[in-house]
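User: I'm new to this one and would like to go through it with you piece by piece. Could you take my questions as they come?

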Amino acid sequence: MKKKLLFLSFFTLVCQLFVLAQTVTITGKVTGQNKDPLAGVNVQIADGNIGAITDGNGNYLIKALPNATLNFSYVGYLDKSVKLAGTNVLDVTLSVDPKSLQEVVVTALGIKKEAKRLGYATATVTGDAMATNRTANPMSTLQGKLAGVNISTMGTGPGGSTKIRIRGQSSFNSVNQPLIVINGVPMDNTTYALGGGIGARAGQVNSSDGGDGFSSINPDDIESITVLKGATASALYGSRAKDGVVMVTTKKGSSKGGIGVEFNTNYTTDQALDFTDFQYEYGQGERGVRPTTAYPQSGVWSFGEKFQPGMRQVLFDGEDWPYEPVRNRYKQFYSLGTNLTNTVTLSNGNENGSFRLSIANSDNQGILPNNTFNKKTINLGFNQTINKALTIQGNVNYSNEYNKNPPQVNTQDMAIPTVIYTLANSMPFAAMEQNQLMPNGTEFVMSRFLVRNNPYFSLNQRFENIKRDRVVGNLSFRYQINKWLYAQGRIAQDYYSRYQDYNIPNGYAPIPAAPTGFINGSYTQDVRNFRERNYDFLIGATKKIKDFGVDMTVGGNQMYRKTEYNSVTVQDFVQPGLFTIMNGRAKDPLYAKAERGVNSLYGAADFSYKSFLFLNVTARNDWFSTLAADARSILYPSVTGSFIFSEKITLPSWINYGKLRAAYAEVGDDNVAPYSNALYFGVNNNLFPNPSGASVPVGGINTTLVPNPGLRPLRVAESEVGLELKMFKSRVGLDISYFYKITNDQILAAQTSDASGFTNKLINIGESMNKGLEVQLTLSPVRAKNFKWDVNLNTSYNTSKVLKLGTAASDTVISVGGGGGRTIKQVVGLPIGALYTFLYKRDAAGNQVFDKASGKPLRNDVPAYVGNILPKYFGGITNTFTIHGVEVSTLIDFRLGAKMIAGSNMNALRHGLHKRTLVGRAEGFVIGKGVNQDGGVNATKSDIQPFYETPNVLGVNEDFVFNAGFWKLRQVSVGYDFTKHISKAKFIKGIKANLVANNVLILKKWTENMDPENVANISDNETGLDFWTPLPPTRSVGFNLNIKF
Amino acid sequence: MKRIKLLLSVLILSGFMLQGCEKGFDELNTNRVDPVSLDPQFVMNKGIMDATYRDNFATLQTLCYDFAIVQQVITPFGSSLSGGNYNNFNPGNTTQIWTTYYQSVIKQLAYVIDKTKADATKKDLYNQARIWKAYAFMILTDTYGDVPYTEAGKGFLEGISKPKYDKQELIYKDILKELDEASAALDATKTSSSSDILYGGVLSRWKKLGNSLLLRAAMRLSKVDPATASTYVKKAVAGGLMQSNADNSKLRHTSLYQNWIAVHLTAREKANFYLAKPFVDFLKSNNDPRLGSIAYRHVGAKSGADQVAPRTTTDPAVQLGMPMGYDDVSIKNTFTTFGVASLYDYSQVNLNTVLKTDAPSFHVTYAQTQLLLAEAIFRGWTTGDADLTYQAGIKAHMEQMAEYDTKAAIAADKISTYVTANKLVAGKELEQINNQYWVASFINGSETVANFRRSGFPALTKNPYPGSEIKGNFINRMPYPDSETITNQENLNAAIAAQGANDLNTRFWWNKP
């Protein structure tokens, strides 16, 4: 071959001497970094139309001017331009485009591997895709971009949290969030949940979304995000990775040398989207009467009279207002949200090391005028070679977050979104804005439903501050002992201190007056400290004997986590308007501490034969501090293999690459809070007088959860097979995975009868199955010079089944949550997350049955199964068009095959806003179509308002069970890279600009009056239940500008 | 070689590091903030305290059902406040006694009993706990009928998460036995722990509470099992009943541990609840001085905000109960008839006296005990002077008013005038006694309802609100919570099969027509 080439070049040289033609024939071979020939590479003469494509051996032939420049481009590789400079033979090596990351994947523990070696599915998103079209919480940007990954946001303001599900939900009643790993080290992603979670104190009026852990990350610092989907991929991470791993790799300084400065600015505006379609024919009032006196206040009832021109109403303020529809309530009340993020990055490096420092500020103004979220991050990454063998690498991320006045959601008290949603349809905003406080400073009540507060009162009198200072960092030492052996040690810590305070305003109507001498109200101040430390070590060896290669890794990890919680609530104050602990009358302190540890040992062996057969075996043993001594150790293995059949079998020429993979893994998890092994007591903060007035203690069992000292770890066993194909000169890429997962011995807080004295009981129970198919398809239908079209399609199908519950065959149902007639259960034989609600009573012939006396609908005695809460299908389609350098990208995503109870409609119904309540208004009564208890045709007239209040009173949600699916145009962006118009000598080295839009359109939905995604139920298991409306979804539009110096 | 040495040392070091893979884990998993046990006396205190409810919404069952069924306090408003006012089924409000009693009172008592039953030094506390458990279970079974009893509250102790339901008859017979035994076992000359919040450990008072409760439980069976009733009435009288208001069982609420019914009426349900006409009329027609202690009215109030001090009057002559059978809109039709400015103009429970936020909650009183005793004498189940006992009961309740607030105190001359004018009349004894029990148990919702069901007095007429969902004239019981259909369905079904439909109509065992 070499001889041939020599001869060829000699020949062309000779020819050149004799032929003084204008063009010469250039030949050469295009290879990858590993010297493999690349077939189908596009070879193009710059500024010309002539092009060629390499053959199966990577060879090409093209005619060009002797001083021409040749451009080489190939999918997944960096473009390369070479000036001919008199040569006729031009061999070119293309390097892999790091952005495509098709070839090297960061796997568990931060170990980089060639993709072809992997026996399991991963999915990767580049930092650019997250930084360009961003959201306040970077996680939500990923929605629709990764096969098998389902991400939802809560509608709780810019500081709100996200919910991530990889390959559906496998456990019945515990956390199903994946593990977040930054540069190989786990990071806490605790969600400070709505009412009842760790974010709220029992009995306190607070139900804001306190955010999650991932929001501390600045998308500009992200190099890539790799999702390890199955247990097989994450086996080395052990217990916390049973629901997959989201691996974040941060950017590093380049070793090329020279100071690099980069500036990125991103600005977007958020506009509230209104999906309500309420009735505006009958106005404010109750029982068919409009308000003509200030009292009783109605405020949130629209069961009044038919609007007629010139009609007047007397509202809660005693003033006379026109009786007319007040439409576009969202537009009138919510303001425009804005988000501005600026990042400056400084980097430098040489062959011995590099560093990268970024400083960012992000200001987010929510659509509620008093809600802001500010985030400052500093990220420092460095690596340094100390001597030939020793390298030190480190990364520190500091973030300072301030979430001011996150809205109250999923509740009533001072919950602005609930009030705006349920507000009477003829309530002028001016009336509320003008009448917030009584002359004596107490709340001006606008509804006899006292907890439906005047939204302006809530805006101006309630406050909440959540501040977090966080340092996540790691330092790793790597010692290359010899060519084939290295040892690595790593220490990492995630530490934050989180401050939170909030009040109940003075004069808040739904709370009692204070004792004489005090003014009512309350104030809570919380401080939490969180620390997670991980020490780990790895020893790795690589050996290659002829065609066989072995990589061995052994390691261990010690994890320790501590959370501390200090909180004081005070009630009633001495000095009005002063919200401090000292100023409070009754003080209620609380302190809690939880510690847990997990120790692990693990090892992996990677075998390869030539470059087409790979086998990987791992084993990990975890010891959990939270479990009983005889159950706390668990060993789990994994085996994966891959076969690059395209290197071994002769395939049709249109297939460039083919790989088969298979994997099996087991993972265990403790999945239980510390101290779940014993029953604990609490002593009340305040003493109680005995009959002679002496103060004596009061205390008791302070939990409603029955502990279990004998808990075993949960176990997951997952099998996976996959196929990867690259076809038609790599213009078509296909990656298919099928997985099958059995989860055993789940630790579940099963609901118990109240009569047991407890509400839940921790048990090891049950078996469930998850299976699914994931397809990732990349297409490059057009690759013309000035027009490129790339399509990336991902979709997945997920289903599950509850196989076993409890110890007896009769244990077939466990209830995990809900209320108001809406329940989520786990039922043997049904998929995980079965939705139940009461149905209307019907006779054998299917006629609805109404009460003979009252005419109101009746309900069945027992709730019925109405569907499943987890989507069967979800995915996204990204189309990217590059036209003369302008890149236009759209993302359409979908979620299908799930049911939900859109309970906010129930509120619209019982308040007379829902269009369904128009039936009977003209007549002044409703006669339900059906029969009565005696079997006769129902002829009883029911008053309008009680008739429509009944479904809520009885918990009959059947009218509002909807398909929770949707198709959305999630993202659109238009970008242009101006870099090529800048000469190299200039101060500015690159400019890139993008116009972006997020949450652009709902293409299809089935729910009435709401976006099916807009549900503020943050409890990890309770999806599909909605009742109190969160903040409306927003559409954001803006730009991203990146300048390199 | 050097490198291999290094590798070896790293390996050995790691081996050491991980040798104790679970070292310290037992200690790490020990909660050092919350105790794993507590002096059962303090837990008993909690069981006593939580019996008068423990949070905002738990009182809605009393406010929306109990008070309305006995027509003492009523709201015209519907939706989440609907219940006895419209004779409606509102599952949000029918479950509160169930959840709060089982989750707080019964659970704590089960622990106290478990910790004390085998400990001779804790014998007194054990018997106190048995008495209090009987008190709590009477409220549960008088509300729902057959309920989990023998297996209840044992979710932790015995791992019973789906307790079976026991028949009310069995429950009552056990309550009688328990009260009898526990009261008898207490030595009236001794004291137990002064940390006891109910009686400061004065066992004579506990004994009197046990016997008075035994009388109450025995009288419950007056219709269904007079023989048993009579037997236990005798035992109760022999054991020693309450002798004065000093023996009353009550929770002394403080500004830190407030009276939740009062809190609810002064806060979330401000201006929503009114004294009902039948109750006010009864007190008025008898010139009852208690009306001035119990009621106030904001004359001419057009709104909740108008309910302020200058309008407040406690003058019994101008008190006006809200008529039964109206909602917040139809109530308009009554304004002209009664001469009120708005619904806010009707009389309310006085939130400065009997329901100020630190007003005591009475469990069992001397007044109630005397009235029950008067009935027992009248029925011939024990001896004594029924009329004098009846009068003592009325007098005791009038004197009890002072325990709420000095503003509620009734002058001795007024008391004697009333008592003199209200002697038992032949042929009307049962009605008179139980009418007085109705007044004497005001605010103690579950007891007022139970005695009304048992005795049939006062002779109330059916709430005329249109669209009543009940078959008879009155609500006969509260349905079981929906949560039981989810968590304890088999036992629930068995209970429903035995007792009858799970609705507001079914009569439980002792409530014979």
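User: Let's start with A:Asp754: is it buried or exposed?
Analyst: This is a predicted model, and in it A:Asp754 has a relative accessibility of 8%, which is under the 20% cut-off, so A:Asp754 counts as buried.

User: Where is A:Asp754 placed in the chain?
Analyst: A:Asp754 sits in the loop that lies between strand 38 (732-751) and strand 39 (760-783) of chain A.

User: And what does A:Asp754 touch?
Analyst: Leaving aside residues up to four places away in sequence, A:Asp754 touches A:Thr759 from its own chain, and from chain B it touches B:Trp98, B:Thr99, B:Tyr102, B:Gln103, B:Ser483 and B:Glu484.

User: That brings in the other chain. How many residues of chain B are in contact with chain A?
Analyst: There are 97 residues of chain B in contact with 98 residues of chain A, and the two chains bury about 8200 Å² between them, with 60% of that area on carbon and sulfur atoms.

User: How many salt bridges are there between chain B and chain A?
Analyst: The count is eight; one salt bridge in the model joins the side chains of A:Lys856 and B:Glu469, with 3.1 Å from N to O.

User: Switching to the inside: which residues touch the most other members of the largest nonpolar core?
Analyst: Those are B:Trp132 and B:Trp206, in a core of 166 residues, and the element that gives the most to this core is helix 6 (residues 123-144) of chain B, with 12 residues. Apart from that core lies another one, of 29 residues, which includes A:Phe278, A:Tyr280, A:Trp321 and A:Phe444.

User: What does B:Trp206 touch?
Analyst: If residues up to four places away in sequence are not counted, B:Trp206 touches B:Met44, B:Ile48, B:Gln128, B:Ile131, B:Leu186, B:Asp196, B:Leu198 and B:Tyr199.

User: OK, helix 18 of chain B now. How many of its residues are buried?
Analyst: Helix 18 (residues 445-455) of chain B has 11 of its 11 residues buried, among them B:Glu447, B:Phe452, B:Arg453 and B:Arg454.

User: Which helices do they pack against?
Analyst: The buried residues of helix 18 pack against helix 4 (60-69), helix 6, helix 8 (203-220), helix 14 (366-378) and helix 17 (429-440), which belong to chain B as well. Helix 18 of chain B is followed by B:Gly456, which has a positive phi near 80 degrees.

User: On to strands. What is the order in the open sheet of four strands in chain A?
Analyst: The order is 3-2-5-6, with antiparallel pairing, and the twist averages 20 degrees from one strand to the next.

User: Why is one side of strand 3 and of strand 6 left without a neighbour?
Analyst: Strand 3 (51-53) and strand 6 (80-83) of chain A stand at the edges and each has a single partner strand, so one side of each has no neighbour in the sheet. Strand 2 (residues 42-45) of chain A is joined to strand 3 by three bridges, and A:Gln44 stands opposite A:Gly51 there.

User: One last thing: over how many bridges do strand 46 and strand 47 of chain A pair?
Analyst: Strand 46 (residues 873-883) and strand 47 (residues 886-896) of chain A pair in the antiparallel sense over 11 bridges, and A:Thr878 has A:Leu891 as its bridge partner. Their hairpin has two residues between the strands, and in it A:His884 takes a positive phi near 50 degrees. Strand 47 of chain A also pairs with strand 51 (residues 966-977) of chain A, antiparallel and over 10 bridges.

Terms used:
Residues are numbered from 1 along each chain as its sequence is written. Chains are lettered from A and ligands numbered from 1 in the order in which they are written. This is a predicted model: local features need pLDDT of at least 70, side-chain atom pairs count only at pLDDT 80 or more; totals for chains, interfaces and linings use all residues. Side-chain values use heavy atoms; hydrogens and water are left out. A nonpolar core is a set of buried Ala, Val, Leu, Ile, Met, Phe, Trp, Tyr and Cys residues joined through side-chain atoms within 4.5 Å. Buried means under 20% relative accessible area, exposed over 50%, partly exposed in between (1.4 Å probe, protein chains only). Contact means heavy atoms within 4.5 Å. Two strands pair if DSSP finds at least two bridges between them. Axes are lines fitted to C-alpha atoms, for helices over the stretch in contact, and angles run from 0 to 180 degrees between N-to-C directions. Buried area is the accessible area (1.4 Å probe) that two parts lose on being put together, summed over both. A salt bridge is a side-chain nitrogen of Lys or Arg within 4 Å of a carboxyl oxygen of Asp or Glu.
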